[in-house]
Amino acid sequence: MNAPLLPAAAPGEDKRTGLDREAIKRAFLDNLYYTQGKFARLATRQDYYLALAHTIRDRLLARWIATAETYTEQASRTVAYLSAEFLMGPHLGNNLVNLGIERPVREAMRDLSLNLDELLQQEVEPGLGNGGLGRLAACFLDSLASLEIPSLGYGIRYEFGIFAQDIVDGWQVEKTDMWLRFGNPWEIARPEWAQTIGLGGHVEHHRDESGGLRVRWLPASHVVGIPYDTPILGYRNQTANTLRLWKAEAPESFDLDTFNRGDYWGAVYKKMVSENITKVLYPNDEQIQGKELRLQQQYFFVACSLRDMLRILEIQGVPLTRFHEKFAVQLNDTHPAIAIVELMRLLVDEHDLPWATAWDVTRKTFAYTNHTLLPEALEQWPVELFARLLPRHLEIIYEINARFLDEIRLRFLGDTELAARLSLINEQGGRHVRMAHLACVGSHAINGVAALHTELLKADVLEDFHTLWPEKFNNKTNGVTPRRWLALANPRLTKLLDEAIGPDWPRDLDSLKGLEPYAGDAAFRARWRYIKRANKEDFAALVRRRTGISIDPASLYDVQVKRIHEYKRQHLNVLHIIALYHRLKHDPHLDVTPRTFIFGGKAAPGYRMAKLIIKLINAVGEVVNRDPAVRDLLKVVFVPNFNVSTGQYVYPAAELSEQISTAGKEASGTGNMKFTMNGALTIGTLDGANVEIREQVGAENFFLFGNTAEEVARHWREGYHPLRYYLGNPELRAVIELIRDGYFSHGDGELFRPIVDNLLHHDPYLLLADFPSYLERQGEVGQAWRDREAWTRMSILNTARSGPFSSDRSIREYCRDIWKVQPVPITLPATTPLHSL
């Protein structure tokens, strides 16, 4: 780095927050020296990254403070988004895009003999989510800030996020995600706003002087929640909202009396137990200890968040009875549903509001987003666990349930079965608290996340609640932010879009419609193909670094990256690969489109079948990739540790998007939207948001296959027998026999027997029923891809028609229909008030 250490600031310019090349360079050197305590010869790449991160954060702070000041002065109605997951991805690149300073920063780093792309690679991604749920929350925060909507994201600051995935001998191996090992330059701790919450203990009841019932919860232990705030910058505006994540600490980190008695372990025991609450994202809950810790996590973060909202109310002088006018609280799935009970406890027990008033405020405060159609994914907690961990909350749940069921009995006289189905307590198979039912009863709005998903909620999963309150239900199809998933992830395409339709499309994605005429322009199509090829080469380099496998950018990139689960049917994709391999082995001269099959995704550590599917993918890849008869035509790669950073390489490079879940199982999906936005064509079922993507891009630009949700249901009603499909389809039989006979497992016929047996005797996700249709459409994909001009036209039209899948559209609909929140523009002061109070 050949530059003077501390160049002087230009006259009249604020070197801390200027956005030009020279100001950024001076501020960077300041932060290297004063924040990192390094000079050039001792500085590491991580030091340079941290210095740059602090330089950019300084440029966020004026916006952040101005935003908080405006919201406070105006007592702005605010969205509080409660989510157990926020999968934000790296911050640096996204903030450069939203500030619009990528070019001067790149030039400043070049002046200092540094490469911005190398510094971007230094950022350790915070893995604070499993996948779609957390990534949706992150996209929503980006859109809320970009649309100037007052908002707070509330969640958990997990010390260790979702595990880092290695692939060893084809198997997933989980390693600790130590995302905080170098610190986090984007957050600011706010210990002055810490909240103390209770756990366990018992409840006392007594009468006050006027004979009114009073309840006092006496917790057995307490935990302190420390908020850590991260600014969330809007796109090319002055808004910077806040993501507030809670870290658990003990009220006293060190018990000196215990230490002095010689009990060194006991002196730190309470600290360790308290900090366990936010130690790791989603502990394995197969054991009761895991269930208890997971419930502790959920209660901890919502209790801290609600107390924080009460603190804000007090500062802004808003009375408790107007809580729902100040805050619109969104429950991102059932994980935060305990917030309904906690708000009731705070209002009734701690602030002496009458039950009816408190319940009215609570129901007007909360809205609930459902994210699943799988009954087993709807959270239920054992009553015994609730009684031990949250005894007062269980009493409140019983009271809510009693009053609710009284209403049901009056409205539906004698229908005891309906009352049992609607009850917050499941009495079958051991008593459990139904958190989805609590969310439905305690919220004023319930939404699904795709049109099909919402209709299936009404007709099946939440049918009784829809019958009871049809006015509560509405659809809000998910979306993704085009700032990260197009502007940041695909800079080459971004440049082309800017030239073709102007630079405003990241804030108005519907303007991509302006691309449609260019689909007929041969020169434009050539540039489009050139960009796709360059992106494919970048991805091939990443694959080579990560796996040692060389893939051909001239082949069709066929991609399935998502959480590994049987209903997402990665193994259906594998059956197709084996079918192609089998054909080529029997006819070496077969005319097959060269294709690279790309997989990525993590399996839950306790999900054995999903982990076996990962092993199968890698086992098939091992055989196919080393077979000289096919390796120039077929290649299989599994990219380990798929995350947001990897996604920013994958989506721009993909040509075929595999969205092949069993119809009626996927709530929405957002990966499908990212692929479409970047010009990939989809092969998929009529499931989740696939339905709406196909409607928007046109049926002729989408490869549809498989049974519909109605046909799937009919299969089960009439009796589904997968063995019939196996016996009736010679190619399917040959494919399964290769797996069963150990061809992909070094002759070990037992390794993949659980998969084979499950398919032949159960097949709960109808792979065998959809196999013929899937293969037929895949054949059409191969033929279509060979016509490069026609394929490029379809690719352009997919991008051009992806506007409705912006998260900005989703957030506008939430604001209009559920939250009733208006934008609050932010104006920066002419000067930064550094010397005034």
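This is a predicted model: local features need pLDDT of at least 70, side-chain atom pairs count only at pLDDT 80 or more; totals for chains, interfaces and linings use all residues.
Which residue in strand 21 is the bridge partner of Asp558?

**View A. Strand 18 and its pairing with strand 21.** The bridge partner of Asp558 in strand 21 is Leu656. Strand 21, made of residues 656-659, pairs with strand 18 in the parallel sense, and two bridges connect them. Strand 18 itself spans residues 556-561 and is mostly covered, with six of its six residues buried. From this strand Leu556, Asp558 and Gln560 point one way, whereas Tyr557, Val559 and Val561 point the other way, and all are buried. In a regular strand, side chains alternate between the two faces of the sheet.

**View B. Strand 18, helix 22 and strand 19 as a β-α-β unit.** Strand 18 is followed through helix 22, residues 570-586, to strand 19, and these elements make a right-handed β-α-β unit. Strand 19, which covers residues 595-600, pairs with strand 18 in the parallel sense over six bridges. Gln560 is among the buried residues of strand 18, pointing the same way as Leu556 and Asp558.

View C. Strands of a sheet pair through backbone hydrogen bonds, either parallel or antiparallel.

View D. The side chains of Arg483 and Asp808 meet in a salt bridge, with an N to O distance of 2.7 Å. Because Arg483 lies in helix 19 (residues 482-488) and Asp808 in helix 33 (residues 807-819), the pair ties together parts that are 325 residues apart in sequence. Both Arg483 and Asp808 are buried. Elsewhere, salt bridges that share partners join Arg21, Glu22, Lys25, Arg103, Glu107 and Asp111 into one network. Across the model, the count of salt bridges comes to 62.

View E. Asp229 forms a salt bridge with Arg190, in which the closest N and O atoms are 3.3 Å apart. This pair links distant parts of the chain, since Asp229 belongs to strand 9 (residues 221-233) while Arg190 sits in the loop between strand 5 (188-189) and strand 6 (195-199), 39 residues apart. Asp229 counts as buried because its relative accessibility is 1%. In the other pair, Asp166 and Lys175 form a salt bridge whose closest N and O atoms are 2.9 Å apart. Asp166, at 29% relative accessibility, counts as partly exposed, and Lys175, at 45%, also counts as partly exposed.

**View F. Buried cysteines in a model without disulfides.** The count of disulfides in the model comes to zero. Cys304 counts as buried because its relative accessibility is 0%, and Cys440, also at 0% relative accessibility, counts as buried as well.

Methods: Residues are numbered from 1 along each chain as its sequence is written. Side-chain values use heavy atoms; hydrogens and water are left out. A salt bridge is a side-chain nitrogen of Lys or Arg within 4 Å of a carboxyl oxygen of Asp or Glu. Buried means under 20% relative accessible area, exposed over 50%, partly exposed in between (1.4 Å probe, protein chains only). Helices (H or I, at least four residues) and strands (E, at least two) are DSSP runs, numbered from the N terminus. A disulfide is a pair of cysteine sulfur atoms within 2.5 Å. Two strands pair if DSSP finds at least two bridges between them. A crossover is right-handed if, with the strands pointing away from the viewer, the path from the first strand over the helix to the second runs clockwise.
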